Amino acid sequence: MPKKLSQADQQMYDRIFQQNRDWADGKTKHDRMFFKEHFKDQDPQFLYIGCSDSRVSIGDLTGMDIGEIFVHRNIANVVSLEDENIMAVLQYGVEILKIKHIVVSGHHGCGGIEAANSGKHFGRMDSWLDKIREVRFKNKEVLDSIRDHSLQNDMLAEMNVIAQCEKLLEVDFIRDSYFEKGYPMVHAWVYDMRTGLLHDMEFDMDGCLEKLK
Ligand code: CO
């Protein structure tokens, strides 16, 4: 016998399904073929690599519809070349979907960044957080010069986005495709949860590729 949900949990659970029905009805109200058309295939131009944080839902905050953004999310938007999950997403995105833009997006107030910057340990999360601690270590001097801890975290979040963009440029199929076809282009964004606004950090992809040579 499955465990019975509390009344509050049951209400939230039911709300999810009710809202889903409302959403699906809304989509087909003006376009009866909406789901049939999307079922055929997907042709997103963007691959978004963002944080798992529940407040950073890229479709919601950009108003992009289903089918428009291919998504990978993990704690603190890390590009780990040893992570078969993200590598599969990247290869599928670049080689099969022929994505034009890969965006790494961090956000201010990121719990993963805060954890990595705290000097504390977090059990099983530590090997993941080590990838952000690496970025912290490389930028130690600049970060230590910032007294305000919350500003320091935000600065690390921005440095982390750039560092993860640089890692994308080490991936052979991304480099090969860019040199051959001019895409995917790599972009660095930061989302400010205080204002709800995205900022383009204007990542210098060509300059960075030059440095890697
Ligand atoms: Co986060």
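The following is a set of questions and answers about one predicted model.

Colleague: What are the ground rules for numbering and for the values?

Modeller: In this predicted model, local features need pLDDT of at least 70 and side-chain atom pairs count only at pLDDT 80 or more, while totals for chains, interfaces and linings use all residues. Residues are numbered from 1 along each chain as its sequence is written, and side-chain values use heavy atoms, with hydrogens and water left out.

Colleague: How many residues apart are Cys51 and Cys110?

Modeller: Helices (H or I, at least four residues) and strands (E, at least two) are DSSP runs, numbered from the N terminus. Cys51 is in strand β1, whereas Cys110 is in the loop between β3 and α5 (111–116), so the pair links distant parts of the chain, 59 residues apart.

Colleague: Is Cys51 buried or exposed?

Modeller: Buried means under 20% relative accessible area, exposed over 50%, and partly exposed in between (1.4 Å probe, protein chains only). Cys110 is buried, and Cys51 is also buried.

Colleague: Which residue in β4 is the bridge partner of Ile102?

Modeller: Two strands pair if DSSP finds at least two bridges between them. Strand β1 (residues 46–51) runs parallel to β3 and is joined to it by 4 bridges, with Phe46 partnered by His101. β3 also pairs with strand β4 (residues 185–192) in the parallel sense, over 7 bridges. There the partner of Ile102 is Val186.

Colleague: How many residues of strand β3 are buried?

Modeller: Strand β3 covers residues 101–107 and is mostly covered. Of its 7 residues, the number buried is 6.

Colleague: Within what arc do the buried residues of α9 fall?

Modeller: In helix α9 (residues 172–181) the buried residues are Phe173, Ile174, Ser177 and Tyr178. The arc is that of the directions from the helix axis to the C-beta atoms. Seen down the axis of α9, these buried residues line one face of the helix, because they fall within an arc of 130 degrees.

Colleague: Which exposed residues does the other face of α9 carry?

Modeller: This face is turned away from the buried side of α9. Its exposed residues are Asp172, Phe179 and Glu180.

Colleague: Which residue forms a salt bridge with Asp65?

Modeller: A salt bridge is a side-chain nitrogen of Lys or Arg within 4 Å of a carboxyl oxygen of Asp or Glu, and a search of the whole structure finds 9 of them. For Asp65, the closest N and O atoms are 3.1 Å apart, and the partner is Lys27. The pair links distant parts of the chain, with Asp65 in the loop between α3 (58–62) and β2 (69–74) and Lys27 in helix α1, 38 residues apart.

Colleague: Which residues are linked in a network with Asp126?

Modeller: Asp126 and Arg133 meet in a salt bridge at 2.7 Å, N to O. Arg133 counts as buried at 17% relative accessibility, and Asp126 is buried at 14%. The residues linked with Asp126 in the network of salt bridges are Asp130 and Arg133.

Colleague: Where is Pro184?

Modeller: The peptide bond from Tyr183 to Pro184 is cis, with omega near 5 degrees. Pro184 has its place in the loop between α9 and β4.

Colleague: What is the relative accessible area of Ala76?

Modeller: Ala76 lies in the loop between β2 and α4 (84–96). Its phi is positive, about 65 degrees, although Ala76 is not a glycine. Ala76 is buried, because its relative accessible area is 0%.

Colleague: What is the relative accessible area of Glu202?

Modeller: Glu202 is in the loop between β5 (197–200) and α10 (205–212). Glu202 is not a glycine either, yet has a positive phi of about 50 degrees. Glu202 counts as exposed, because its relative accessible area is 66%.
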